[in-house]
Amino acid sequence: MSVQFKTIGSEDRKDSGVKLQVDGEHAEVILDTPGEKVNKLTRETWTELQEVIGFIRAKSDVIRSVIFRSGKLDSFLAGADITTIEVMKTVDEALGLIEKAQEVFQELAELPQMTVAVIDGACMGGGTELALACKYRIISDSPSTRLGLPEVQLGVLPGAGGTQRLPRLIGIPAALEMMTSGAPVNPSKALKIGLVHDIIPKEYLLDFARQFVRGKDKLRKTKKASLMGRAMQTLIPLKPVRAIVIGQAKKMILSKSKGFYPAPIAIVDVVDQTTGLSVRDGLKVEARAFAQLAVSPIAKNLIQLFFASEQLKKERGVGPVEAAGFQAEKLKNIGVVGAGIMGGGIAAVAASKGISVRMKDIQHESILNGLKTAGALFEKEFKRKKITKAEYLKRVYAITPTIEFTGFKRIPFVVEAVIEKMEIKKALIDQLETLVSPKAIIASNTSSLSISEMASQAKYPERIVGMHFFNPVPKMPLVEVIRAEKTSPEVVVQTVALAKQMGKTVIVVKDRPGFLVNRVLMPFLIECAHLYAEGFSIAQIDEAATRFGMPMGPFRLLDEIGLDTAAKVAKVIAGAFPHLVVLPLVDELVQSGNFGRKTGKGFYQYDSQGKPIAVRGEFSREPKNPSAETDKHLTDRLILPMVTEAVMALDEGIVGTVRDLDLGLIFGIGFPPFRGGLLRWVSTEGEQAILDRMYRLNQATRGRLIVPQSYLSRVQNGQKFYS
Ligand code: NAD
């Protein structure tokens, strides 16, 4: 359909992010943030939006309908410009900004005309709040179309009307789920929960919307709430019913967040307190809650973390002049050798990103298991309606198994994930070098072996690199790319690119025992045995760690990793760094045949489903000197040795920056994100205060826990990890 639009209003500002076009009775507001790939709600956008909305309101005798759409490809609106939240220092300042945003969307909601958000691509945060303030929402069927309110992930809440308009539109339970998880919904879910009115093929979306506002076409798919749904919509806002819903939501949030994250609870409270109020009154409650969260240290840490990972995503993994001019390829196919726990996981993740995988093992049984694991993963996504049947089948057929090396000749990238034995890995590299082209990259998913040593007899050592995935591969977001002595920068760039293509966060690390993540984690796992030897109880030690925010205590984590694996990795790392003193506790358990959760017995007893029941009788004891002071001592004993190791890793250049170190630990071991990272935590506590506590531990352990000289110099020079 062709329409004759005239650009008005802001046409004099040629770099305006909000354009208005009018064709007789019909207007279109086009969002197009200048110089950005995606639209963002900056301070200027809010002002421009308000002007445009004011203009439309003033012309209500002429303009009958308004379409809000994006001028960007595959993206509607990414949300508020997060830097505006980052710089909010006081509650009043935050209130001022959020009230303005609320006002703009309230004015939009109160426009007398027909307003339609036409959404193709990502629609997040403020984007969804804008759409909620429109009378209609029509979206494309594109796989990149997603609607979400992810503010909670930055430690805040949807403050531009989201907590008010969403529950009124889709009901309290669905709204709470969307807002407290921050997870976006795809088009079919958006339609199902009543968030949008129709899904239209991407190619016809705008045409359809233009016909619709002109009364020449009708909505087809608008979902009418079922009788039960309507009854629930009426009942849930009633106080006694609401109390149950709110209570359950809080219980679920607390079981996941352990009380460390105030934002999801604040969302539930705001919805609870504002049910039954007018939108305008509700907005006041929302604004106050938003402002309090926005200035909290937790939000600041989460925002910094977001910026840090966004920055990391843009990097290539080598220095600015290295591999200049080299362009990494988007790979269509890879080979995976070893179809065990890791190889199967790597194949599954690659296939789910549209990469064909040739999967090779020496045992039929392993191949079958690998295929089964990948198939089960795809099936789960299909059953949860995350992928279509066609996508499910595409993924299943993307992995082709082999016992021979057939099909490896033209593969540009091979990841080996065979058992952790240097001779076996070296022999495999020898064999692969005769099979693949000289340009193909060979990556090893070793957890502890030296890549340089592995490549020592290779014909082309420059194409051998480490690619350390974490277990379980589909869940764990980190990959450490290990640059060995001879790995070429181009190979690093391509490996980093592949890991990103697989959806992972990537840090490049040096080839030293334990690389970065296992090296820094190791003191945490070693220290618990020393504490146990001093008479503290396992429950007491594990609780000290989880109270700090670690996902698991060290004993539970040892059981989870597998005591046999943990013992082997500890030997490699402690063998290289003599200040790490390993007690025989874990080895003794391994010798008795108990490997942790996988054998049902470790430090804890596990039920048949692998759930921990309790600390096993022989390890159970009363807590020693239970007090707040003891708790503090235990936490320091577990966390400060990690700080020491992190500082040493930085000194050795294992990792390039403090930022990468913090991200590596958050994504690799689940170091609590609300603390912003291990070294950010040090800066928050104060470098000097941490030094004093390190000395105290040094004395308490008769010199065993060391204080790195470089840390002392840093403090003496007034250097901070983060200012
Ligand atoms: P696994 O025992 O589950 O799988 C290893 C597979 O390799 C088996 O299926 C075996 O049949 C196969 N294999 C052995 N020799 C082979 C050969 N020459 N050619 C082809 N296939 C061969 O082991 P896993 O846990 O998947 O570990 C694989 C690698 O990943 C190891 O280097 C390990 O250190 C590393 N890793 C493991 C974890 C973990 O938690 N399991 C985490 C990170 C890295």
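By class, 10 nonpolar, two polar and three charged residues line the largest cavity of this predicted model. Here Ala, Val, Leu, Ile, Met, Phe, Trp, Tyr, Cys and Pro count as nonpolar, Asp, Glu, Lys and Arg as charged, and the others, Gly among them, as polar. A cavity is a set of points, on a 1 Å grid over the protein atoms alone, where a 1.4 Å probe fits but cannot get out; lining residues have an atom within 4 Å of a point. The model is predicted, and local features need pLDDT of at least 70, side-chain atom pairs pLDDT 80 or more, while totals for chains, interfaces and linings use all residues. Residues are numbered from 1 along each chain as its sequence is written, and side-chain values use heavy atoms, without hydrogens and water.

The largest cavity has a volume of about 160 Å³, where volume is the space filled by probe spheres set on the points, which are joined across faces, edges and corners. Of its 15 lining residues, Glu527, Pro641, Arg704, Leu705 and Ile706 are the closest to the centre. Helix H25 (628–651) is one of the helices that supply at least two lining residues, and H25 gives the most, with four. Helices (H or I, at least four residues) are DSSP runs, numbered from the N terminus.

Now the aromatic rings. Ring pairs link Tyr532, Phe555, Phe603 and Phe619 into a cluster; rings of Phe, Tyr and Trp (its six-membered ring) pair if their centres lie within 6.5 Å. Arg621 lies over the face of Tyr532, 3.8 Å from the ring centre. A charge sits over a ring if NZ of Lys or CZ of Arg is within 6 Å of the ring centre and within 35 degrees of the ring normal.

Note on methods:
On a 1 Å grid over the protein atoms alone, a cavity is a set of points where a 1.4 Å probe fits but cannot get out, and a pocket is an open set with protein on both sides within 12 Å along at least five of seven lines; lining residues have an atom within 4 Å of a point. Rings of Phe, Tyr and Trp (its six-membered ring) pair if their centres lie within 6.5 Å; planes under 30 degrees apart count as stacked, over 60 as edge-to-face and the rest as tilted.
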